[in-house]
Amino acid sequence: MTGEVVIGGAKNSALPLVAATLLAETGRSRLENIPNLRDINTIIRLLEGMGAEIERSDGELQISTAAVSNCQAPYELVKTMRASILVLGPLLARFGEARVSLPGGCAIGARPVNLHIRGLEQMGAEIRVEHGYIIGRAKRLKGADISFDMTTVTGTENLMMAAVLAEGTTCLHNAAREPEIIDLAVFLRKMGAVIEGEGTQTIVITGVEKLSGADCQVMPDRIEAGTFMVAAGISDGDIIIKNAPLAALGSLTAKLHEIGVEIEPLVEFHEDELLTGIPVRVKRQASGLNSLDVKTMPYPGFPTDMQAQIMTLLALARGTSVISETIFENRFMHVFELQRMGADIEVEGRTAVVRGVEKLSGAPVMASDLRASAGLILAGLAADGETVMSRVYHLDRGYSGFEHKLKALGADIKRIKE
Ligand code: EPZ
């Protein structure tokens with residue numbers, strides 16, 4: 001595949017940013033570079049159901065939550081998008097009450113939210129779980145010293161948003177360091193919050209009396225950018241990604257370099273600008289693809305959301321690669337589909353042993369989750385013959401216009417039904 005591609009706004013940044021607008025007692029928030037995704041539609045419906053006024057035009061949302069009165073996140077919406085849990089912190093912080101459906105598990109794991117709940121209880125919230133709902137109350141949350149047993153992305157985001165209106169200071173230890181958390185902290189600060197340390201393992205938030213609406217721009221999606229980098233490698237292509245957040249992709253680009261996929265920044269590149277998209281050229285080296293071992297880790301380690309995509313690439317590399325999935329307990333469903341396409345992969349617990357093969361062959365496959373669906377499409381692009389992937393709705397949760405962008409790069413791909 002050859003040509004240019006533009007990356008959309010980051011889903012995992014846009015979702016907490018929209019949730020954060022619940023904290024604004026006055027004013028409107030204007031969020032730009034919002035991706036056109038199913039999950040964004042879901043969180044908009046969630047906030048409108050609470051009484052928020054939302055105007056949407058192209059990639060921009062104007063949100064006023066002054067009139068919010070219904071602090072509920074119903075099961076019907078939460079079951080379609082676990083990230084709905086992100087309204088829990090803001091609702092308790094601003095309204096002192098919340099009734100949010102337990103998100104339940106998903107294909108990749110049990111996805112508990114115990115660390116979210118424990119942190120909120122440490123801040124003085126009274127929380128009980130009944131009939132599948134988290135029911136919380138708090139006169140006013142109090143600052144607390146919170147240490148996460150495990151690094152949790154949305155847990156860190158939820159507690160940041162709870163702490164910005166709490167009485168006193170909150171310290172989050174073992175906080176997640178993802179760039180999306182920095183994007184959220186920048187927005188909260190524009191709303192009037194007092195936050196330090198975002199992007200490190202210790203975030204300190206000093207509560208204020210109230211917050212007001214602000215403007216922000218969603219960072220480019222580092223996982224979409226990473227997916228197109230793998231697409232270039234697997235198709236022996238030469239792609240220009242117009243706006244890759246390269247500084248936020250260090251662990252991926254290091255691995256791709258070792259495998260034999262070169263990423264060349266086309267403008268001056270600043271390591272510390274994690275949220276900035278820059279033009280990069282991605283090309284596979286003539287020497288072909290080398291195997292190597294990959295272990296998913298919390299940021300800045302190798303992202304679990306790129307595991308299925310890199311596995312697809314390594315399925316065609318010379319030699320044997322070992323992939324360890326340390327974040328989620330069941331994130332290898334794409335293996336069984338890749339095996340049907342001729343990949344030589346063995347799974348033992350949270351480890352997959354990938355022996356490279358010359359070629360994959362097209363086959364009917366089934367998507368199981370968002371990133372697996374992207375990985376299977378990349379496999380189909382590299383395979384001999386036709387691949388038909390069912391349950392394409394998984395893809396639409398996190399990739400906007402994916403098949404159109406691939407087709408513009410020369411791929412032979414089409415959507416046959418919703
Ligand atoms: C976020 O999920 C992302 N979603 C995921 O992206 C991503 O894969 C994940 O972080 C890891 O990077 C959003 O940001 C909306 P975690 P999150 O809490 O926050 C355990 C995608 O494809 N844990 O960091 O739900 C948990 O079971 C999605 O875009 C607890 O035990 O993930 C997991 O093993 C998929 N208790 C580990 O921590 C808790 O209270 C990391 O989960 C919370 C988490």
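1. Strand 12 is joined to strand 13 (residues 202-206) by 3 bridges, and the two run antiparallel. Within this pairing, V194 faces T206 of strand 13. Helices (H or I, at least four residues) and strands (E, at least two) are DSSP runs numbered from the N terminus, and two strands pair if DSSP finds at least two bridges between them.

2. Basis of the note. The model is predicted, with local features needing pLDDT of at least 70 and side-chain atom pairs counting only at pLDDT 80 or more, while totals for chains, interfaces and linings use all residues. Residues are numbered from 1 along each chain as its sequence is written, and side-chain values use heavy atoms, with hydrogens and water left out.

3. Axes here are lines fitted to C-alpha atoms, for helices over the stretch in contact, and angles run from 0 to 180 degrees between N-to-C directions.

4. Another open sheet of 4 strands has mixed pairing and the order 19-20-22-21. Its edges are strand 19 (294-295) and strand 21 (344-348), each with a single partner strand, so one side of each is left without a neighbour in the sheet. Strand 19 pairs with strand 20 (residues 320-324) in the parallel sense over 2 bridges, and K295 stands opposite S324 in strand 20. Helix 10 (residues 307-314) packs on this sheet and touches strand 19, strand 20, strand 21 and strand 22 (351-355); the direction of helix 10 makes about 170° with that of strand 20. Contact means heavy atoms within 4.5 Å.

5. The hairpin. Strand 4 (residues 53-57) and strand 5 (residues 60-64) pair in the antiparallel sense over 5 bridges. S57 has E60 of strand 5 as its bridge partner. The two strands form a hairpin with 2 residues between them.

6. Backbone points to inspect. Most residues other than glycine have a negative phi, and most peptide bonds are trans. D58, in the loop between strand 4 and strand 5, has a positive phi of about 50° although it is not a glycine. The peptide bond from Y299 to P300 is cis, with omega near 10°; P300 is found in the loop between strand 19 and helix 10.

7. The ligand shell. Which residues are closest to the ligand? Of the 22 residues that surround the ligand, the closest are L115, T152, T154, D305 and I327; a residue is near a molecule if one of its heavy atoms lies within 4 Å of it. The shell divides into 9 nonpolar, 7 polar and 6 charged residues. Ala, Val, Leu, Ile, Met, Phe, Trp, Tyr, Cys and Pro count as nonpolar, Asp, Glu, Lys and Arg as charged, and the others, Gly among them, as polar.

8. Oxygen atoms of the ligand lie 2.7 Å from a polar backbone atom of L115, 3.1 Å from an N or O atom in the side chain of R111, and 3.0 Å from a polar side-chain atom of R371. A polar contact is a pair of N or O atoms within 3.5 Å; within protein, one must be able to donate a hydrogen and the other to accept it, and residues adjacent in sequence count only if both atoms are side-chain atoms. The protein covers 89% of the 830 Å² of accessible area that the ligand has on its own, as computed by the Shrake-Rupley method with a 1.4 Å probe.
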